[in-house]
Amino acid sequence: MTRRKVVVAGGAAVAAVGVGGGLAVNAFAGETTTDASASSSATASETCYTLTSETTEGPYYIDADKIRQDITEGEEGIPMTLELKVIDADTCKPVKNAAVDIWHCTALGVYSGYEAMGSGGGGGGGGGTPPSGAPTDAPSGTPTGEPPSGAPSGGTGGGHSEPTDDERYLRGTWKTDKRGYVTFKTIFPGWYQGRAVHIHTKVHVDGTWTDAGYEGGHTCHTGQFFFDEKSVLASAKVSPYSTNTTTRTTLTEDTIYPQNGHTGGFLYLKYDKKNIAKGVRAHLTMGVAPDETHDSTDTQPSTSASPSAS
């Protein structure tokens with residue numbers, strides 16, 4: 001087992017965990033993704049026998065995140081609610097009292113704790129013209145391999161990097177409720193060189209919730225969540241995303257996304273197509289193997305006994 005401890009920031013967070021954690025979340029039945037090609041038949045009845053793909057942790061994970069649902073810390077961007085459900089892929093039962101971590105970059109591609117890295121390998125978030133045009137399946141000169149050394153790769157090797165500062169915005173940990181649900185309030189992520197838009201996640205089980213946070217247990221899932229191209233292009237028209245001129249990698253060009261739909265972390269999204277700036281609601285059910293340990297650099301998609309949803 002790996003040992004981890006999450007330090008609670010303030011008494012209010014302790015009280016929140018003590019009363020059970022997790023916001024009340026409605027069932028996902030009836031929700032549809034904004035990308036019709038990926039909606040197919042998966043809804044609230046997402047196949048419990050399909051394991052959610054494991055992906056690499058990336059170099060910018062910090063193991064002492066704050067216990068909180070609102071991870072925004074005043075960062076500018078399109079408001080987003082991320083609703084997750086964690087289930088046992090074998091039994092279909094919800095995994096309750098698990099500790100779920102999420103972390104992602106700002107609208108300009110910077111990770112808290114690593115501001116010295118800037119975006120795309122130290123360049124910082126640039127100003128100018130945002131990405132435009134419809135995405136294509138064929139690469140068109142956009143970087144598709146490993147980002148340059150020092151870039152926030154989100155998982156393309158290089159091992160863990162030590163933090164360069166004490167900032168912790170857009171990072172947080174929260175507890176699944178008795179139905180396996182956990183909810184976070186954040187912003188729509190931006191992009192940086194070499195990676196499609198994504199959010200990192202870890203699921204920890206068999207630990208203990210205390211006044212100090214979450215201790216012990218092991219990590220049963222390490223993965224990433226991904227966004228359809230329509231939503232990303234829509235976000236690129238909104239400030240401050242519109243000032244990010246870093247070359248963007250599309251989902252089909254990304255070397256980490258396993259190209260297997262929702263099983264690979266492809267999120268269901270709901271937003272006003274005429275005005276994404278009003279906010280985005282994202283959700284996904286994750287099938288995990290609570291008895292297994294996946295805590296670092298698994299890179300191959302999990303296999304299943306039955307065909308996975310795409």
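## Confidence

Over residues 298–310 of this predicted model, pLDDT stays under 50. The model has 31 contacts beyond four places in sequence for residues 298–310. Where pLDDT is low, the predicted coordinates should not be read in detail.

For the protein, the mean pLDDT is 77. A pLDDT of 70 or more is reached by 66% of the residues.

## The four-stranded sheet

An open sheet is formed by four strands, and their order is S4-S3-S6-S9. The pairing in this sheet is antiparallel. The edges are taken by strand S4 (171–175) and strand S9 (218–226). Each of these two has a single partner strand, so one side of each has no neighbour in the sheet. Between neighbouring strands of the sheet the turn is 20 degrees on average, with direction ignored.

Strand S3 spans residues 99–103 and strand S6 spans residues 198–205. The two run antiparallel and are joined by five bridges. Within this pairing, Val100 stands opposite Val203 in S6.

Cys92, placed in the loop between strand S2 (79–88) and S3, has phi near 70 degrees, a positive value in a residue other than glycine.

Are these residues buried, partly exposed or exposed? Partly exposed means a relative accessible area between the 20% limit for buried and the 50% limit for exposed. Cys92 has 39% relative accessibility and therefore counts as partly exposed. Asn97 has 36% relative accessibility, so Asn97 counts as partly exposed.

## A cis peptide bond

Where is the cis peptide bond to Pro240? The bond runs from Ser239 to Pro240, with omega near 5 degrees. Pro240 lies in the loop that links helix H3 (229–235) and strand S10 (268–271).

Conventions: Residues are numbered from 1 along each chain as its sequence is written. This is a predicted model: local features need pLDDT of at least 70, side-chain atom pairs count only at pLDDT 80 or more; totals for chains, interfaces and linings use all residues. Side-chain values use heavy atoms; hydrogens and water are left out. Two strands pair if DSSP finds at least two bridges between them. Axes are lines fitted to C-alpha atoms, for helices over the stretch in contact, and angles run from 0 to 180 degrees between N-to-C directions. pLDDT is the predictor's confidence in each residue, from 0 to 100. Contact means heavy atoms within 4.5 Å. Buried means under 20% relative accessible area, exposed over 50%, partly exposed in between (1.4 Å probe, protein chains only).
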